[in-house]
Amino acid sequence: MKNTDVRETIAQREYVNKSRELVLKKEDESGKRLTASVVTFGCQMNARDSEKLAGILVSSGFELLEDTEDADFVLYNTCTVRDNANQKLYGHLGEALARKKKNPDMMVAVCGCLPQEPTALEKIKKSYSFVDLIFGTHNLYAFPEYLSRLLSGERHICEIFDHTDNIVEDLPVIRKYPFKSGVNIMFGCNNFCTYCIVPYVRGRERSRESADIIEEIKNLQKTGVKEVMLLGQNVNSYGNGIDGEISFPELLKRVCDIDGIERVRFMTSHPKDLSDDLIAVIKNEPKICRHLHLPLQSGSSRILKEMNRHYTKEQFIDLALKIRNEIEDIAITTDIMVGFPSETESDIEDTLDVIRDVEFDNAFTFIYSKRMGTPAAKREDQVSEENVKMYFDKVLSLVQESAKKRALIWQGKTFDALVEEVNQSTEGFVTGRLSNNMLVHFKGDESLIGNIVPVKLDECRGFYYIGSRV
Ligand code: SAH
Ligand code: SF4
Ligand code: F3S
């Protein structure tokens, strides 16, 4: 079944044209440029969505500002995976209100994952009623339409869809980095881990057609992109539900075949269905970066079952060690959550065992956050704050130890680094990313940005290196 909606793309482009006229008219009247700023919270998917939102704003005639301070239009692209993401937004909205009091013409919009959750949506409508536009994840493509309505003077626009079957391709995009880009290969999630709100706010899993993905990457390459990151909540289930579509490992191979694309990354790969085919493709394709993000969540088989993760402690360890055996220089990073309902000291011991056995190169550690509407939130056996803190400290110190140990292995070796930016803290230095996702700072200037250069990792400073060009 083809679910790409071409008519919608054409309609939305018309709205961009309409907005451009309205922006020009306003600029004529006021004698100054209209400015906009996009503030992004959350994961790589949201970062990619923000590039699309920024593209629409620029195509509509706005000047894009880094800072929200002086912007006439501020758009918050939100996350709600943990409660602290919600709190962050509320803090920002407080500041926006203060600015709006000084500049009543200023427009404020909230979009993304947070308004897809009914209680959070109510809170914004009630406590932050000055917000002019609210839309969700399923109708991001309709932003041009909402923008033109706002520019025509309409206020309090709130449109949230509870699902979508369509994928709208080819809207304008402004990339943060000219030399690298995220590329969505699928949207949504069908896994329903019992703690997680993502399937509720992002909807069911939908894969893009491989031909559209390849076309997009070829076009990105023509505009200077060397590195792509294929994005999906579980890339291993890419293609499910589309008759005759290729598998994820096959998609990776085809991306690697594109001339001029030098590095390929992907995120996230669920341990439950990571295939031997995928391991073989990573091993055999030098363009695929030596980094695998493999979220563990918990090392306790009992907790994993209650999380609905579909693997056990032993299966995870076997998988990670098999990958390390096959691909010697690969970095394995992970996500670990502590404080899932009913978690005990002995469950944490299991998590610590996995960290010791696998020796993660890095790990994001999170405190479990109760998410409205998820099965885990209804449980009565929530863990006390005191225990969560104790568990968290234990896990964090062991992952830090493991990350330091792994990073030291590469000290003194030479690797290619893609130079991403001028170093902010040390003058005369630039920062590059290694294939294994570690950062190296070394002497160089702006002219190196976007180039892949060999760098010797002279000194390991824990989570990054100081290096020199060779
Ligand atoms: N699809 C990815 C994860 C996306 S969310 C996967 O399955 O691996 C990113 C991370 O946020 C998760 O890996 C998990 O560790 C964390 N997370 C998700 N829901 C959470 C919650 N309710 N509380 C705390 N952390 C959570
Ligand atoms: Fe959330 Fe699980 Fe889906 Fe990841 S796989 S987004 S943790 S439900
Ligand atoms: Fe957050 Fe939505 Fe991503 S909830 S983690 S921004 S999918």
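View 1. Asn191 counts as buried, at 13% relative accessibility; buried means under 20% relative accessible area, exposed over 50%, and partly exposed in between, using a 1.4 Å probe and protein chains only. This is a predicted model, where local features need pLDDT of at least 70 and side-chain atom pairs count only at pLDDT 80 or more, while totals for chains, interfaces and linings use all residues. Residues are numbered from 1 along each chain as its sequence is written, chains are lettered from A and ligands numbered from 1 in the order in which they are written, and side-chain values use heavy atoms, with hydrogens and water left out. You will find Asn191 in the loop between β8 (186-187) and α6 (198-202); helices (H or I, at least four residues) and strands (E, at least two) are DSSP runs, numbered from the N terminus. What joins the side chains of Asn191 and Lys272? A polar contact of 3.2 Å does, that is, a pair of N or O atoms within 3.5 Å; within protein, one must be able to donate a hydrogen and the other to accept it, and residues adjacent in sequence count only if both atoms are side-chain atoms.

**View 2. The surroundings of ligand 1.** The shell holds 15 residues, and the closest are Gln233, Pro295, Gln297, Asp335 and Ser369; a residue is near a molecule or strand if one of its heavy atoms lies within 4 Å of it. Two strands, β13 (331-338) and β14 (362-367), each supply at least two residues of this shell. Sorted by class, the shell around ligand 1 has 7 nonpolar, 4 polar and 4 charged residues. Here Ala, Val, Leu, Ile, Met, Phe, Trp, Tyr, Cys and Pro count as nonpolar, Asp, Glu, Lys and Arg as charged, and the others, Gly among them, as polar.

View 3. The side chain of Gln233 places an N or O atom 2.8 Å from a nitrogen atom of ligand 1. For Arg82, a polar side-chain atom lies 3.0 Å from an oxygen atom of the ligand, and for Arg309 the corresponding distance to an oxygen atom of ligand 1 is 3.2 Å. How much of ligand 1 does the protein bury? Taken alone, ligand 1 exposes 540 Å², and the protein buries 90% of that; these accessible areas come from the Shrake-Rupley method with a 1.4 Å probe, and for residues only the protein chains shown count as cover.

**View 4. The residues around ligand 3.** This shell consists of Gly42, Cys43, Asn46, Cys79, Thr80, Val81, Cys113, Arg202 and Gln233. By class, the residues around ligand 3 are 4 nonpolar, 4 polar and 1 charged.

**View 5. A parallel sheet of 3 strands.** The sheet is open, with the order β7-β10-β11 and parallel pairing; two strands pair if DSSP finds at least two bridges between them. At the edges are β7 (180-184) and β11 (263-267), each of which pairs on one side only. From one strand to the next, the twist averages 20°; axes are lines fitted to C-alpha atoms, for helices over the stretch in contact, and angles run from 0 to 180 degrees between N-to-C directions. Strand β10 (residues 227-231) runs parallel to β7 and is joined to it by 5 bridges, with Val228 as the bridge partner of Ser181.

View 6. Met267 and Thr268 are joined by a cis peptide bond, with omega about 0°. Thr268 sits in the loop between β11 and α9 (276-284).

View 7. Antiparallel β15 and β16 are joined by 5 bridges, one of them pairing Val422 with Val430. Their hairpin has 6 residues between the strands, and Gly428 takes a positive phi near 85° there. Another 5 bridges join β16 to β17, again antiparallel, and Phe429 has Lys443 as its bridge partner in β17. In this second hairpin, with 4 residues between the strands, Asn437 has a positive phi near 80°. Asn437 counts as partly exposed, at 28% relative accessibility.
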